[in-house]
Amino acid sequence: MRFVWFIILGCVAAGGLASPGSCGPVLNEVMADPGRDWDGDGVYDFRDDEWIEILNPGPGSLVLDGVIIGDGDGSPLVALSGTLAEGELRAIFGSEAAEFQDQNGWAIFGLRLGNDGDTVTLLQVAGADTLLVDSYTYNTYEAEDDRSSGRRPDGGPVWEMFDALNPYTGTTPPLGNGLPPTPGQANGEQPVAAVETSWGRVRAIYR
């Protein structure tokens, strides 16, 4: 497989950050050092419970055939399939990558996300070439137990650290936002806690 390293025009903005309305999927959230059973198979495994989330920012639905997740040097780790609706998120776990590698006779590494900092790449096969669609490079402190780094809002240009499970107190960006990692779910605000009140007060609001 031949790798051509350039950004598809219109897909990725300056600095390697994807812009909404791109012509392909974007990386949306990454967890390199899981400390619990994130893939939900009932067993914690540091390889299987790593995950990468992608987003289809639109417009329109997106066929994932030919989309590949790779590591920093462009080596393919897992090829995707299926369709993402506009605005839809998908989490790819290390267990899924390991299964794909096993089925295709590859060395079984999972997503191979380094805990001392690493780069994740999102690639698109186009004829005889493989194009770099998006990438994200994270630092060592982003890869501490159960911290993820992701875009907020989804698909936006700003990456933050979702550190509710392992708070980050440093001052080097991306800063922690106190929110939990959310594989396959929107990177939104925490829900506002309900406040108990009487029915009389509720009726008074609408008089």
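Biologist: Why does Arg112 count as partly exposed?

Modeller: The model is a predicted one. The relative accessibility of Arg112 is 33%, and partly exposed covers the range between under 20% for buried and over 50% for exposed. Arg112 therefore counts as partly exposed.

Biologist: What makes the phi of Arg112 worth a remark?

Modeller: Phi of Arg112 is near 50 degrees, a positive value, and the residue is not a glycine. Most residues other than glycine have a negative phi. Arg112 is placed in the loop between α1 (94-103) and β9 (118-126).

Biologist: Asp146 also has a positive phi. Why is Asp146 called buried?

Modeller: Asp146 has a relative accessible area of 5%, and buried means under 20%, so Asp146 is buried. Its phi is about 60 degrees, and the residue belongs to the loop between β10 (129-138) and β11 (148-151).

Biologist: How do you know that the peptide bond between Gly58 and Pro59 is cis?

Modeller: Omega is about 5 degrees for the bond that joins Gly58 and Pro59, and the bond is cis. Pro59 sits in the loop between β3 (51-55) and β4 (62-63). A cis peptide bond also joins Pro173 and Pro174, with omega about 0 degrees. Pro174 is part of the loop between β12 (159-162) and α2 (199-205). Most peptide bonds are trans.

Biologist: What makes β3 and β8 a pair?

Modeller: Two strands pair if there are at least two bridges between them, and β3 and β8 have five bridges, in the antiparallel sense. One of the residues concerned is Glu53, whose bridge partner in β8 is Ala91. Strand β8 (residues 89-93) is mostly covered, with four of its five residues buried.

Biologist: Why is the meeting of Asp48 and Arg47 called a salt bridge?

Modeller: The side chains of Asp48 and Arg47 come to 2.9 Å, N to O, whereas the cut-off for a salt bridge is 4 Å; the pair therefore qualifies. Asp48 counts as buried because its relative accessibility is 13%, while Arg47, at 28%, counts as partly exposed. By this rule the count comes to six salt bridges. Among them is the one between Arg90 and Glu96, with the closest N and O atoms 2.5 Å apart. Glu96 is partly exposed at 26% relative accessibility.

Biologist: Where does Ser148 lie, and why is this residue called buried?

Modeller: Ser148 lies in strand β11. Its relative accessible area is 0%, and the limit for buried is under 20%, so Ser148 is buried.

Biologist: What makes the approach of Ser148 to Glu29 a polar contact?

Modeller: The side chains of Ser148 and Glu29 are joined at 2.6 Å, and a polar contact requires N or O atoms within 3.5 Å. Beyond its neighbours within four places in sequence, Ser148 is in contact with residues including Glu29, Trp51, Glu160 and Pro181. Glu160 in turn meets Arg152 in a salt bridge of 2.9 Å, N to O. With a relative accessible area of 17%, Glu160 is buried.

Biologist: Which elements does the protein chain contain, and how much of the chain is buried?

Modeller: The chain has two helices and 12 strands. Of its 207 residues, 43% count as buried. The protein chain exposes about 10,400 Å², of which carbon and sulfur atoms supply 54%.

Conventions
Residues numbered from 1 in each chain as written. Predicted model: local features only at pLDDT ≥ 70, side-chain atom pairs only at ≥ 80, totals over all residues. Heavy atoms only, no water. Buried < 20%, exposed > 50% of the residue type's maximum accessible area, 1.4 Å probe, protein only. Areas by Shrake-Rupley, 256 points an atom, 1.4 Å probe, with all protein chains shown as cover. Polar contact = N/O pair within 3.5 Å; in protein donor to acceptor, adjacent residues only side chain to side chain. Contact = heavy atoms within 4.5 Å.
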